[in-house]
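Let's walk through this model together, starting with single residues and working up to sheets and helices. Keep the structure open beside the text as you read.

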2 protein chains.
Amino acid sequence: MSRFIPHKFLHFFKILIAYKTKVVACTVNYMAETRNADKKPEEKAESLPSKSKFSEWYNELLLVSQIMDVRYPVKGLYVWFPFGFDIRKRTYAIMRELLDKDHQETMFPLLIPENEFMKEAEHIKGFENEVYWVTHGGLTELDMKLALRPTSETAIYPMYKVWVRSHADLPLRLYQIVNTFRYETKHTRPLIRLREITSFKEAHTVHTDWDDAAKQVEEAIRIYQEFYRRLAIPTIVSRRPDWDKFPGADYTTAVDVLMPDGKTLQSGTAHHLADNFAKTFDIKYEDINGEQQYAHQTCYGVSERSIAALISVHGDDKGLVLPPEVAPTQVVIIPILFGKSDEISKACSDAADTLCENGIRVVLDDGDDRPGAKYYKWEMKGVPLRIEIGPRDLKNNAATVVRRDTGVKETAPLNNILEEVKTRFESIHENLFEKAKKSLDERIFDCASLNEVKGKIHKGIARIPWCGERECGLAMEEEVDAGILGIPQGDVGKGKGNCPICNKETGNMAIMARTY
Amino acid sequence: MSRFIPHKFLHFFKILIAYKTKVVACTVNYMAETRNADKKPEEKAESLPSKSKFSEWYNELLLVSQIMDVRYPVKGLYVWFPFGFDIRKRTYAIMRELLDKDHQETMFPLLIPENEFMKEAEHIKGFENEVYWVTHGGLTELDMKLALRPTSETAIYPMYKVWVRSHADLPLRLYQIVNTFRYETKHTRPLIRLREITSFKEAHTVHTDWDDAAKQVEEAIRIYQEFYRRLAIPTIVSRRPDWDKFPGADYTTAVDVLMPDGKTLQSGTAHHLADNFAKTFDIKYEDINGEQQYAHQTCYGVSERSIAALISVHGDDKGLVLPPEVAPTQVVIIPILFGKSDEISKACSDAADTLCENGIRVVLDDGDDRPGAKYYKWEMKGVPLRIEIGPRDLKNNAATVVRRDTGVKETAPLNNILEEVKTRFESIHENLFEKAKKSLDERIFDCASLNEVKGKIHKGIARIPWCGERECGLAMEEEVDAGILGIPQGDVGKGKGNCPICNKETGNMAIMARTY
């Protein structure tokens with residue numbers, strides 16, 4: 001149990017129970033009516049490490065704000081706190097909304113028999129060191145070992161063989177959100193490098209030809225960019241170098257997020273599988289002329305790394321900063337009472353009712369803590385807006401509205417509180433995105449030489465000409481001790497210069513980064 | 001691949017893709033605009049076996065109506081078709097709604113280290129023949145074997161030890177919906193007896209004392225009864241005999257559903273764990289006097305057996321019959337055209353728009369199939385209401401509305417179509433429940449002797465006096481070759497008679513049944 005760290009923030013656990021937002025009916029949560037009321041006054045919790053010490057900040061924040069508990073007694077496996085799980089639910093609801101337009105959700109088994117798993121040579125080579133094997137059922141040794149899916153190609157494609165018959169069945173677009181497993185030998189990290197990926201959204205599509213599959217890869221990347229835009233997170237899209245593609249794919253396109261410490265987090269990938277797996281798993285269709293053809297396929301995935309990006313990109317020294325759409329609590333209302341005041345209490349509860357009835361997730365924190373302790377607590381949880389109502393506010397029939405993203409305090413008329421809140425939600429979302437975009441742009445450094453890359457690579461992404469040849473790319477990676485993400489889409493990938501290895505002139509700009 | 005059965009209903013697969021209901025916006029699905037349109041005319045599929053041959057009917061229906069595909073190449077593992085998964089989503093949304101009132105959703109790891117798993121002696125004895133073991137990560141043998149959770153007590157309670165500190169932390173009520181695993185050696189069956197239970201909803205609660213935990217067991221059973229009521233399924237609640245309780249529990253209360261073949265399906269269980277696990281996992285709290293006390297616990301679960309019950313109780317010879325709340329498509333509109341008729345098409349699409357804008361999940365089947373083929377198709381899918389609009393209907397500004405549950409055809413004015421539909425939804429739900437309740441009541445047979453039980457047990461549930469003694473109960477089970485479910489709650493469990501073994505007079509009536 002030595003892996004268990006002291007739980008100095010235990011009092012936060014009760015918060016999370018106290019302010020559970022109900023799903024069905026509109027219910028404002030009144031803190032004073034909850035069990036929280038019989039608690040001793042909050043002790044001031046120790047503050048977070050500064051975000052400039054990213055790794056410490058990240059680990060501590062996950063516990064303090066109750067996203068993940070890292071104290072589960074197996075390396076690389078973590079527990080979702082209910083609060084973290086609530087964020088996950090809202091985040092994946094966005095993903096489902098985007099996919100459900102032309103995909104369908106399904107669910108395949110976790111366990112893959114060894115003979116299916118071993119069919120695709122490239123694929124197995126890519127995963128053989130990472131696969132967990134079930135060898136026993138009860139006290140009996142199994143006739144055939146079963147793999148815990150590291151990803152589901154080899155679970156799904158035997159069924160696609162049965163399901164796909166005719167060109168009229170295509171395109172076929174299914175997805176599932178499931179747990180997958182990798183026996184990671186590297187340093188594990190919650191939400192980022194896991195032995196159980198609890199929230200793997202994987203889509204698997206089937207098409208008539210290579211071009212249609214290529215379009216689907218583009219569409220997948222578009223969906224992922226929209227998904228991250230909804231989380232107010234800017235992304236960079238690159239086709240991965242050939243040596244870094246998915247095992248068994250023709251090519252891989254990836255979505256990367258730049259993290260606060262200058263490393264990039266691969267946060268979504270889409271793979272063009274061509275007919276590689278179709279040939280292995282015998283997935284054929286009858287074309288319009290009655291001929292049997294191999295299908296072409298794609299697959300694409302996003303994991304709880306999306307939550308890691310959400311937390312890391314927006315959070316600050318005070319804790320989480322959440323875009324309103326995914327915040328479990330969107331507004332906290334805090335009465336500023338000097339002595340008992342029925343008027344203030346009533347104004348707070350009226351405002352809470354108005355917001356709640358209009359679908360805003362609101363908590364009225366009328367507990368006994370000092371206002372300062374309440375601010376601290378809700379800032380840590382990333383609540384986008386805090387509304388304070390005190391005697392002076394009430395005299396003006398107004399409230400003080402404080403934004404979590406900027407800290408700006410403004411006065412808002414109480415009789416228009418719903419609109420005031422909604423407008424600020426939009427503004428918060430846009431501000432979070434703009435801030436993150438600016439931070440990303442500022443940390444893409446133009447470099448003319450590999451020496452320059454070495455100087456910049458610890459601050460962010462280095463941009464450097466690359467002829468595109470494999471040998472030059474591998475030499476660049478070795479020299480700098482960092483990865484080539486690829487030649488990114490858009491202007492970032494275009495320029496003029498000479499490959500630092502072969503010195504050939506090129507219009508391609510590659511980006512290099514240290515990666516998670 | 002010999003386990004793969006011929007896919008004679010393949011054409012149904014496309015239906016499912018064609019009529020996907022969108023989540024976000026109100027979108028009527030027009031069959032003719034979908035890929036379905038370029039299909040060859042439907043061949044008449046073979047009809048289902050009669051429901052009186054329940055086992056055959058069940059297996060065939062799962063495939064034809066596209067709930068589960070049994071052709072996955074591992075025994076006891078099945079694939080959710082998107083249509084089945086859609087029903088699952090709606091069913092579990094009800095469960096979440098009921099639980100979220102005072103529970104919180106969370107997620108714990110799948111893999112349990114051997115040392116934690118082995119801590120509770122009773123528990124391990126109950127599961128040791130059923131647990132799948134992971135022994136290798138990649139090519140490396142693991143230092144410690146990892147169990148795939150058969151249920152999560154031993155994954156969750158080490159964390160509860162850390163989380164629970166004070167009486168103010170209690171009660172603690174968490175749940176998760178996850179996959180669990182049992183190495184079943186008996187005959188496996190989709191949704192009923194699985195090696196991967198894909199949809200295990202398990203709740204785990206912690207309380208200050210035995211009585212509070214006992215109340216939670218009652219509350220859990222109340223929630224489950226409400227859940228099944230929402231699925232229009234009547235249940236019987238019994239405390240299980242001591243020899244049939246959960247391994248490690250003080251007692252187990254169960255919810256049973258009577259299936260069409262007269263066997264009962266255990267469809268939900270709630271276990272009073274007393275302080276048995278608290279002592280094993282050292283879960284203590286400080287009471288109001290500052291003393292350390294062992295906590296008392298409960299756990300309770302429901303699996304995809306709920307979907308098996310849903311399908312089996314309501315379905316008929318024509319296929320699925322779904323209560324409106326969980327039906328992926330609630331209304332299908334079929335234009336009855338003799339030649340082209342713009343008026344009829346417009347009336348259909350107006351009706352569809354009205355329903356859709358009011359949150360009804362509607363498909364307008366304006367494809368080229370004959371009406372009869374369309375009826376057949378949507379009946380198989382269990383769509384609660386079919387609306388037909390033909391020339392005569394239109395002349396009366398009316399529609400013909402056909403109920404899936406009764407087959408009754410009625411005329412309804414088009415200008416009130418939303419209300420007409422809503423009223424029928426309520427009536428369908430109530431009728432399904434009443435029908436099922438009547439069928440249940442008719443198949444509980446009062447028996448005075450074990451010989452009588454033997455005569456009735458193949459038709460349903462036998463009700464017989466039982467003194468409540470273990471020895472008598474075991475003797476009864478052996479004599480009849482069926483299980484004692486317990487002494488049910490309510491009037492069914494009360495009566496007067498003599499125990500068939502010891503002949504003692506008793507007011508307790510036990511129920512016996514063949515069970516899944």
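A residue is called buried if 20 or more other C-beta atoms lie within 10 Å of its own, exposed if 12 or fewer do, and partly exposed in between, with C-beta atoms placed from the backbone. What you see is a predicted model, in which local features need pLDDT of at least 70, side-chain atom pairs count only at pLDDT 80 or more, and totals for chains, interfaces and linings use all residues. Residues are numbered from 1 along each chain as its sequence is written, while chains are lettered from A and ligands numbered from 1 in the order in which they are written.

Let's begin with Ala147(B), which is found in strand E7 (residues 140-148) of chain B. Helices (H or I, at least four residues) and strands (E, at least two) are DSSP runs, numbered from the N terminus. Ala147(B) counts as buried because 25 other C-beta atoms lie within 10 Å. Two residues are in contact if their C-beta atoms, placed from the backbone, lie within 7 Å. Leaving aside neighbours within four places in sequence, Ala147(B) is in contact with Ile112(B), Glu114(B), Phe117(B), Val131(B) and Trp133(B).

Now find Ala274(B), in strand E12 (residues 264-274) of chain B. Ala274(B) is buried too, with 21 other C-beta atoms within 10 Å. Beyond its neighbours within four places in sequence, Ala274(B) is in contact with Trp210(B), Asp250(B) and His296(B). Pro335(B) is 61 residues from Ala274(B) along the chain, and their C-alpha atoms are separated by 61 Å.

Helix H6 (residues 153-163) of chain B is mostly covered, as eight of its eleven residues are buried. Among them are Ile156(B), Tyr157(B) and Met159(B).

Next comes a sheet. Two strands pair if DSSP finds at least two bridges between them. In chain B, six strands form an open sheet in the order E1-E17-E16-E18-E19-E20, with mixed pairing. Its edge strands are E1 (29-30) and E20 (409-413) of chain B, each of which pairs on one side only. Strand E19 (residues 398-403) of chain B pairs with E20(B) in the antiparallel sense over five bridges, and Val402(B) stands opposite Lys409(B) in E20(B).

Helix H13 (residues 417-442) of chain B packs on this sheet, touching E16, E18, E19 and E20 of chain B, and its direction makes about 15° with that of E19(B). Axes here are lines fitted to C-alpha atoms, for helices over the stretch in contact, and angles run from 0 to 180 degrees between N-to-C directions. Helix H10 (residues 342-357) of chain B lies across E16 (331-335), E17 (362-364), E18 (385-389) and E19 of chain B, running at about 170° to E16(B).

Turn now to chain A. The axes of helix H3 (residues 82-99) and helix H7 (residues 210-230) of chain A come within 10 Å and cross at roughly 145°. Which residues meet there? Ile94(A), Met95(A), Leu98(A) and Leu99(A) in H3(A) meet Ile223(A), Glu226(A), Phe227(A) and Arg230(A) in H7(A).

Finally, a word on confidence. pLDDT is the predictor's confidence in each residue, from 0 to 100. Chain A has a mean pLDDT of 92, and 91% of its residues reach 70 or more. Over residues 1-25 of chain A, however, pLDDT stays under 50. For the complex, the predictor gives an ipTM of 0.92 and a pTM of 0.93.
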